[in-house]
Amino acid sequence: MTPRIPPVLVGLFDDAAVFPPGSLPIEEAVPAHVAHHRGAHAGLVGAFVLAAKDIDRLAEPTADLPQGSFGLSVTVGLSGVPDALAAARRIPAVRLVGLEVAVPDGVAADTVVPALAEAIDDGSDLTVYVEVPRDDRREALLAALAGTPYLAKFRTGGVRAELYPDERELAAAVLAATRAGVAFKATAGLHHALRNTDPGTGFEQHGFLNLLVATDAALKGAEEAELVALLADRDGDRVAQRVRELSPQVREAFRSFGTCSVAEPAIESAGLGLLPAPTVADLTEVSA
């Protein structure tokens with residue numbers, strides 16, 4: 001019998017194995033992703049995330065896969081959307097499910113939605129995330145996204161300490177998105193289930209479970225100070241209990257996060273009692 005994945009975790013882990021710090025070669029990342037989707041832990045795993053410049057490199061490792069079987073989400077600059085769409089359509093196995101669009105410096109918030117509407121003109125059901133800049137365009141861009149098919153993307157870390165928003169900045173972003181009615185995904189830096197200090201780099205890293213419970217609190221009307229406290233909480237038992245009490249509806253707001261390791265967040269979730277042991281046993285075998 002396939003182990004049951006809690007609804008609040010279903011599809012939460014987008015597979016960003018090719019991005020730092022994992023940086024798995026695409027020739028290894030593609031078969032690993034396919035194996036994840038065939039394992040008992042498949043319910044945890046969302047799309048394979050890849051930069052637009054590398055789409056053509058998918059042709060060879062996906063050549064033996066059934067047509068349209070490989071779900072792909074592409075990171076791309078705003079001006080590169082048409083080319084990314086065309087490149088993905090050239091590979092038979094690829095089923096483009098998402099775009100994650102970066103907004104360059106100097107691009108006004110009110111120009112983003114019209115540019116996307118012009119570039120994506122095929123009536124597709126793509127999920128399109130717009131990466132919200134960490135500057136004074138945030139509120140205006142979220143307001144522009146409200147009521148459109150486009151969602152938000154928040155960067156929660158990276159390869160340098162300054163790329164990590166602190167708890168207050170992330171709390172303010174989550175509040176702004178939920179109050180605007182704009183769903184979001186997160187990317188970079190969510191390597192662990194809980195808030196932590198990375199022992200190798202010293203970076204302060206957010207936990208994806210903390211972000212789940214903070215999003216739930218925001219949806220229920222919490223103010224910024226409460227979200228800050230939830231994002232800072234390092235008590236695994238307390239955070240896990242809050243996750244057990246979440247309604248799956250929180251995922252209507254917090255859609256997914258990109259992780260360079262599917263195994264790591266799943267194993268940590270299991271260690272907190274949130275996933276059944278057979279799920280992690282299967283995942284450990286796939287990732288070995």
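The following legends describe close-up views of a predicted model.

**View 1. The largest nonpolar core of the model comprises 88 residues.** Leu 9, Leu 58, Leu 99, Leu 116 and Leu 209 are the residues with the most contacts inside this core. Helix H6, which spans residues 208–219, supplies the largest share of the core, namely eight residues. In soluble globular proteins, nonpolar side chains tend to be buried together.

**View 2. The surroundings of Leu 116 within the core are shown in detail.** When residues up to four places away in sequence are not counted, Leu 116 touches Leu 78, Val 81, Val 101, Val 128, Val 130 and Tyr 150.

View 3. An α-helix has 3.6 residues a turn, so residues three or four places apart point the same way.

**View 4. Phe 154 and Phe 184 form one of the seven aromatic pairs in the structure.** The pair is tilted, with 5.3 Å centre to centre and 50 degrees between the planes. Distant parts of the chain are linked here: Phe 154 belongs to strand S6 (residues 151–155) and Phe 184 to strand S7 (residues 184–187), 30 residues apart. Phe 154 has a relative accessible area of 5% and is therefore buried, the limit being under 20%. Phe 184, at 0% relative accessibility, likewise counts as buried.

**View 5. Tyr 164 and Phe 203 form a tilted aromatic pair.** The rings are 5.5 Å apart centre to centre, with 55 degrees between the planes. Tyr 164 lies in the loop between S6 and helix H5 (167–180), whereas Phe 203 lies in the loop between strand S8 (196–197) and strand S9 (204–205). The pair thus joins distant parts of the chain, 39 residues apart. Both Tyr 164 and Phe 203 are buried.

**View 6. Further arrangements around aromatic rings involve Phe 13, Phe 208 and Phe 257, as well as Tyr 129.** Phe 13, Phe 208 and Phe 257 are linked into a cluster by ring pairs. Lys 185 is placed over the face of Tyr 129, at 5.7 Å from the ring centre.

Conventions
Residues numbered from 1 in each chain as written. Predicted model: local features only at pLDDT ≥ 70, side-chain atom pairs only at ≥ 80, totals over all residues. Heavy atoms only, no water. Core = buried A, V, L, I, M, F, W, Y, C linked by side-chain atoms within 4.5 Å. Buried < 20%, exposed > 50% of the residue type's maximum accessible area, 1.4 Å probe, protein only. Helix = DSSP H or I, 4+ residues; strand = E, 2+ residues; numbered from the N terminus. Contact = heavy atoms within 4.5 Å. Phe/Tyr/Trp six-rings, centres within 6.5 Å; stacked < 30°, edge-to-face > 60°. Lys NZ or Arg CZ within 6 Å of the ring centre and 35° of its normal.
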